[in-house]
Amino acid sequence: MAAEGEAIAYGGREAAPVDIRFATPADADALALLSQELLAFYSLPVHYQRSYMAHVIADKAFREPPSVEILIATGADRAVGFLAFNETFALANCQSAVFIQDLFVTRKARTGGIGRRLMTRLAEICVERGVTQLDWTADPWNDKARSFYESMGPLLKSEKMYYRMLGPRLAKLAERGDS
């Protein structure tokens, strides 16, 4: 198990203890702030105020059964990163797998080992649950993320293509019905 309170240096400051734990609804505001920073990193607009995002996160992310699980990294009385993931079951091969939705560490805390600690804790969770497959995506232009992921030794699955359908196109498909 990951060491709780292990000190990690970040932002050029003295090392501070960082804890990795499952997020709770009480973390919704911190997760909203981190999500806004994630959107800014990708140069995407932030469409909602943080208070609204926190409300939606508290309401939607912590339902039973959970649609997403979130590990949060906290240090110096603030959140410095998160890892959101889903566990799925592949019917064809009768195996569970985990898919990482997002892994994000705030800019000031990067290179302090927090991303690796989040990934390590998720690997521990997978082993505890008997999950033998962990999947995620990375943007081809994000060399730092790709280098970070490749340092852990994953198998690159280049034979797969990733598809996404959003809003209007999703609604258009739904309107077609059986036709």
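User: How many aromatic pairs does a search of the whole structure find?

Analyst: The search finds eight aromatic pairs. Please note that this is a predicted model. One of the pairs is Phe 41 with Tyr 42: the ring centres are 5.1 Å apart and the planes stand at 85 degrees, so this pair is edge-to-face.

User: Which residues do ring pairs link into a cluster?

Analyst: Phe 41, Tyr 42 and Trp 141 are linked into a cluster by ring pairs.

User: Let us change topic. What is the order of the elements from the N terminus on?

Analyst: The order is β-β-α-α-β-β-β-α-β-α-α, with five helices and six strands in the protein.

User: Which element has the highest mean pLDDT, and which the lowest?

Analyst: Strand 3 has the highest, at 96, and strand 1 (residues 6-8) has the lowest, at 49. For the protein, the mean pLDDT is 86, and 89% of the residues reach 70 or more.

User: Where does pLDDT stay under 50?

Analyst: It stays under 50 over residues 7-14. The model has 23 contacts beyond four places in sequence for that stretch.

User: Back to strand 3, then. How many of its residues are buried?

Analyst: Seven of the seven residues, 69-75, are buried, so strand 3 is largely enclosed by the rest of the structure.

User: Which of them point which way?

Analyst: Glu 69, Leu 71, Ala 73 and Gly 75 point one way, whereas Ile 70, Ile 72 and Thr 74 point the other way. In a regular strand, side chains alternate between the two faces of the sheet. Here the residues pointing either way from strand 3 are all buried.

User: In what sense does strand 3 pair with strand 4?

Analyst: The two pair in the antiparallel sense over seven bridges, with strand 4 covering residues 78-90. Thr 74 stands opposite Ala 79 of strand 4.

User: What lies between the two strands?

Analyst: Two residues lie between them, and the strands form a hairpin. In the turn, Ala 76 has a positive phi of about 55 degrees.

User: Now helix 3. How does its span compare with what is expected?

Analyst: Helix 3 runs over residues 114-129, and its 16 residues reach 23 Å from the first C-alpha to the last. That is close to the 22 Å expected at 1.5 Å a residue.

User: Which residues of helix 3 are buried?

Analyst: They are Ile 114, Gly 115, Arg 117, Leu 118, Met 119, Arg 121, Leu 122, Glu 124, Ile 125 and Cys 126.

User: What follows helix 3?

Analyst: Gly 130 follows, with a positive phi near 75 degrees.

User: Where does Thr 106 lie, and what does it touch?

Analyst: Thr 106 lies in the loop between strand 5 (95-105) and helix 3. Not counting residues up to four places away in sequence, Thr 106 touches Leu 34, Glu 37 and Val 80. Thr 106 counts as buried because its relative accessibility is 11%.

Note on methods: Residues are numbered from 1 along each chain as its sequence is written. This is a predicted model: local features need pLDDT of at least 70, side-chain atom pairs count only at pLDDT 80 or more; totals for chains, interfaces and linings use all residues. Side-chain values use heavy atoms; hydrogens and water are left out. Rings of Phe, Tyr and Trp (its six-membered ring) pair if their centres lie within 6.5 Å; planes under 30 degrees apart count as stacked, over 60 as edge-to-face and the rest as tilted. Buried means under 20% relative accessible area, exposed over 50%, partly exposed in between (1.4 Å probe, protein chains only). Helices (H or I, at least four residues) and strands (E, at least two) are DSSP runs, numbered from the N terminus. Two strands pair if DSSP finds at least two bridges between them. The expected span of a helix is 1.5 Å times one less than its number of residues. Contact means heavy atoms within 4.5 Å. pLDDT is the predictor's confidence in each residue, from 0 to 100.
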